[in-house]
Amino acid sequence: MTAHTDTTTAEELENILAAADAASADWAQRTAAERAGALVAIADALDAAAPELVPVAQEETNLPTARLNGELKRTTFQLRLFAEMLADGGYLDARIDHGDAAWPMGARPDIRRVLEPLGPVLVFAASNFPFAFSVLGGDTCSALAAGCSVVVKVHSGHPRLSAAVGRIATDALREAGAPEGLLALVYGTQGGRDALLDPRIKAGAFTGSIPGGRALFDLANSRPEPIPFYGELGSVNPVFVTEAAAAARGPEIVSEFVASFTMGAGQFCTKPGILLVPEASSMVAELSEASRPAPAMLLNERIQSGYTASLEELLKHDAVAPLGGTEDILAFPPAPALSVTTASALLADPEGLITECFGPSALVASYQSEEELLAVARILDGQLTATIQGEDTDAVAPELVRVLAGKAGRVLWNQWPTGVSVTYAQQHGGPYPATTAPTSTSVGTASISRFLRPVAYQGLPAHLLPGALRDENPLGIPQRVNGALAI
Ligand code: NAP
């Protein structure tokens, strides 16, 4: 592995890609137990290195120590959860159709299908989660679990942490018997682009901005052999407060909303960026009065300047006014900012007003009727999340849920979208521009399917079939045999 944090040279990149290619072929053949053991070894090594890693992360990202310790725990929990999932084998979606001369559409051959590793994966690490969405974050974890080698394009915001995590993980992999070159780091914007264009890379994964993700998605598709590119980009994460909820719980919703949009200084892709409240309620006044957390440093200067530029742009809009205190909202570090507009303004200029402002800012929009609330839901672009603060008796709720499920990867009821738990049923994704791949998730155990490709074997003798597809089921995994799931 490249030990320095300078830009990767063309020669180093060639060596990395050649090694990743060779390692991928080897890793794909390893047993689930071997892969699981390697993931657990990385988790143990990272946990043990917390006292070394967290201070470096703190220096490079300005995030508080408690948050970084929690994030590292999430990262190692995730590695262990994927290790457990490998033992189960259900993710392989093994299907066995025995030959059947009486099959209604004509004799059916013996055909068997299983998911196999895609090959070397290029991961573009995120800036805002230096552990959980970076070198050993969800993308790398799920690709390694799937049986793929991984090349990580290090995020320029935390190069020293990335190098340390890479070194610790590579040592753990070596000790666990994994092939050399299974995990490698690339530094520098051009190196990331060159790697994405290399024919040995078979998929890309990305977390970051819409322009960055779109540029790389286009690059992946411009290759002679286009490849899947799983980009997790931007989201406004709107919250819809019904009239009944505002009447029943207005002050509670206000304080929970302020806590949610300012969490991590608003640097979450799931930050609720727009709150729709009834004009007839007192919620706008309560929001104006609500106390807000103290200013907090943003991740780096690029994020700070991007944030102040987008907030200034928003405040220039004719239909927008600042809400509550404006002191220091454009300072370094910035105080949390609220702005106010109307639902009719959102409907008149969705492009100008329904846009992500990455940092501690949110827009409050007052609506006149629940019909107008539905109209806003209908014009939304793709979102990672959409939230309803409602009451069980709300007549608008069923239609709102239906419309929002068509727009967002995750629909929430009386909760807040900021946290994204790593679970079996998690869905972190959504239609473009929330992601470039609406059929998949980047968080949770289902994210492994991004790096697997179905292969069907027709008419092969038993000794040539993968273990997952043999009748005697030597791996002891769930198999769908002639349409019926056998566990
Ligand atoms: P970014 O600018 O999109 O960068 C992410 C990664 O992609 C970096 O490694 C960057 O390389 C690379 N990259 C970006 N554009 C590229 C291009 N045209 N060609 C080659 N490589 C390219 O994201 P960021 O720096 O993390 O944050 C900036 C913005 O991203 C934020 O303001 C926010 O809107 C958004 N964001 C979203 C999420 C999310 O979870 N959806 C998370 C974090 C940030 P370099 O580092 O070398 O420039």
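The model is predicted: local features need pLDDT of at least 70 and side-chain atom pairs count only at pLDDT 80 or more, while totals for chains, interfaces and linings use all residues. Residues are numbered from 1 along each chain as its sequence is written, and side-chain values use heavy atoms, with hydrogens and water left out.

Nine aromatic pairs were found in a search of the whole structure. Rings of Phe, Tyr and Trp (its six-membered ring) pair if their centres lie within 6.5 Å; planes under 30 degrees apart count as stacked, over 60 as edge-to-face and the rest as tilted. Phe206 and Phe229 form a tilted pair, with 6.1 Å centre to centre and 35 degrees between the planes. This pair links distant parts of the chain, 23 residues apart: Phe206 is in strand β6 (residues 203-207) and Phe229 in strand β7 (residues 229-232). Strands (E, at least two residues) and helices (H or I, at least four) are DSSP runs, numbered from the N terminus. Both Phe206 and Phe229 are buried, that is, under 20% relative accessible area with a 1.4 Å probe, protein chains only.

The ring centres of Phe257 and Trp416 are 6.1 Å apart and the planes are at 45 degrees, so this pair is tilted. Phe257, in helix α9 (residues 243-262), and Trp416, in the loop between β14 (408-413) and β15 (452-458), are 159 residues apart. Both Phe257 and Trp416 are buried.

Note on methods: Buried means under 20% relative accessible area, exposed over 50%, partly exposed in between (1.4 Å probe, protein chains only).
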